[in-house]
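Please examine the sequence and the model shown below before reading the report.

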Amino acid sequence: MKPIIMAGGVGSRLWPKSRAAFPKQFLPLTNEHSMLQETLCRLDGLDSEAPVFVCNEAHRFIVAEQVLQSGIEHDGILLEPMGKNTAPAIALAALHAIQKGQDPVLLVLAADHLIENVTAFHQAIVNAEQLALQDKLVTFGIVPSSPHTGYGYIRQGDPITGSVEAFSVSEFVEKPDLETAQAYLQDGGYLWNSGMFMFKASRYLQELQKFAPEIYQNCKAAIESEQQDMDFVRINIESFSQCPSDSIDYAVMEKTDAAAVVPLDAGWSDVGSWSSLWEVLPKDAQGNVVRGDVILEQVNNSYVNAEQRLVSVIGLDDVIVIETKDAMLVAHKNSVQDIKKVVDKLKAAKRPEYEFHREVFRPWGSYDSLDQAERFQVKRIKVKPGEKLSLQMHHHRAEHWIVVTGTARVSCDDKTFLLTENESTYIPIGTTHSLENPGKIPLELIEVQSGAYVGEDDIVRFSDRYGRVKN
């Protein structure tokens, strides 16, 4: 089988940790590994080929870096130039997978799910593969542990003869109200819709062509002219932009007569909110989950996460408190679904906190904006060993660089020279310059920008090893 890892989405309900430029699938929410890396770890022990990833163009370097850190070979990182929901994304992966004349069974997984019982997960996959080889389109239904109103449901049909434990799909049901969800739980024939699937690549494409031909045709045209760019597979933007946006449930699974569901009872969560994260993590005697430098007094059943500073909470129950370098969230656990409304307001106001963390990650490393006013900005810049920033110039700002750790190779107009710890240089306005780490350890420096305008879009880029047209 070939795993297809869906790494799109912004996880807005986990703001301020999850943001558009660095969403939840790339965050270490349950342990030291990111959600994406945990998904890859769960593949260990399965008889599977190298995975294919589907992600947003803006996240391509994050995916490549985290996969590299995991030490796992991949069979392509497909870049979506714009989000079109799951049916087109899976179509791209299926078309990519059959290009070499093969027809693998695809195991479609989200990059941001939690599964505690990996053994049970593997057994469900083995059961599903038997059905996929018989041309079934299989979804995994989570055995519900509560009357959850945040998930869609699947109503089981008749048992499938000859399978270990699988059922035909009677219907897909939208997210219910609490009374309906309680009835589903009492009925016992309903499962949560996990958004994980298994089917042969050709079988999915066959059903997609039947029920959503416009999606099929545009994705086929987009993938036929794909181009390899380092670790990435770029598709035809014009063709894909004309593709309708639709989920696999609406486009195919609700219409096909080949749908099957395999029950999965493995401690699954989509970690879709701070309260759901609190539910699955170990708690202290007062029911609290604490991360970072936190002092609690008379606090119960709460999640408190401090990233940068000491956070103290007194006399509150059932709250979520999240502190980052540039934002603070305080919410009741019953109101965490409304965080998206705050994110929508940030987006409408074009505030940077919607998209970026204060520390912004780039393929060469990262920068952290320490202080900023109208005519200056102070950054801490980290450059990974062997990496290099683009050759560029600025119209409105000059820069002072002071090396803190490591060695920098600096190009400034026609001069190239090395700087080591405690050494500095000045980059005047209009000077063509670049910065490189030629050493074996990370390079860290303090950059002081000064001028009439210090925005990130004041960059004229002449060359860039990462093929970027923006920062």
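The report that follows treats a sheet, a pair of helices and a single residue.

## Basis of the report

This is a predicted model, in which local features need pLDDT of at least 70 and side-chain atom pairs count only at pLDDT 80 or more, while totals for chains, interfaces and linings use all residues. Residues are numbered from 1 along each chain as its sequence is written, and side-chain values use heavy atoms, with hydrogens and water left out.

Helices (H or I, at least four residues) and strands (E, at least two) are DSSP runs, numbered from the N terminus.

Six strands form an open sheet in the order 20-21-22-29-24-27, and their pairing is antiparallel. Strand 20 (359-362) and strand 27 (424-427) stand at the edges, each with a single partner strand, so one side of each has no neighbour in the sheet. From one strand to the next, the twist averages 20°. Two strands count as paired if DSSP finds at least two bridges between them. In general, strands of a sheet pair through backbone hydrogen bonds, either parallel or antiparallel.

Strand 24 (residues 397-405) pairs with strand 27 in the antiparallel sense over 4 bridges. Here Glu399 stands opposite Ile427 of strand 27, and His400 stands opposite Tyr426 of strand 27. Strand 24 is also joined to strand 29 (residues 443-451) by 8 bridges, and these two strands run antiparallel. In this pairing Ile402 stands opposite Ile446 of strand 29.

## Two packed helices

Helix 3 (residues 86-97) and helix 7 (residues 213-224) pack at an angle of about 50°, and their axes are 9 Å apart. Axes are lines fitted to C-alpha atoms, for helices over the stretch in contact, and angles run from 0 to 180 degrees between N-to-C directions. Helix 3 and helix 7 are therefore oblique to each other. Angles under 35 degrees count as roughly parallel, over 145 as roughly antiparallel, 65 to 115 as roughly perpendicular, and the rest as oblique.

The contact (heavy atoms within 4.5 Å) is made by Ala87, Pro88, Ala91, Leu92, Leu95 and His96 of helix 3 with Ile215, Cys219, Lys220, Ala222 and Ile223 of helix 7.

## A buried alanine

Ala132 is found in helix 4 (residues 118-132). What is the relative accessibility of Ala132? The value is 0%, so Ala132 counts as buried; buried means under 20% relative accessible area, exposed over 50%, and partly exposed in between (1.4 Å probe, protein chains only).

Not counting residues up to four places away in sequence, Ala132 touches Val105, Val138, Met198, Phe199 and Lys200. Ala132 and Ser302 are 170 residues apart in sequence and 42 Å apart in space, C-alpha to C-alpha.
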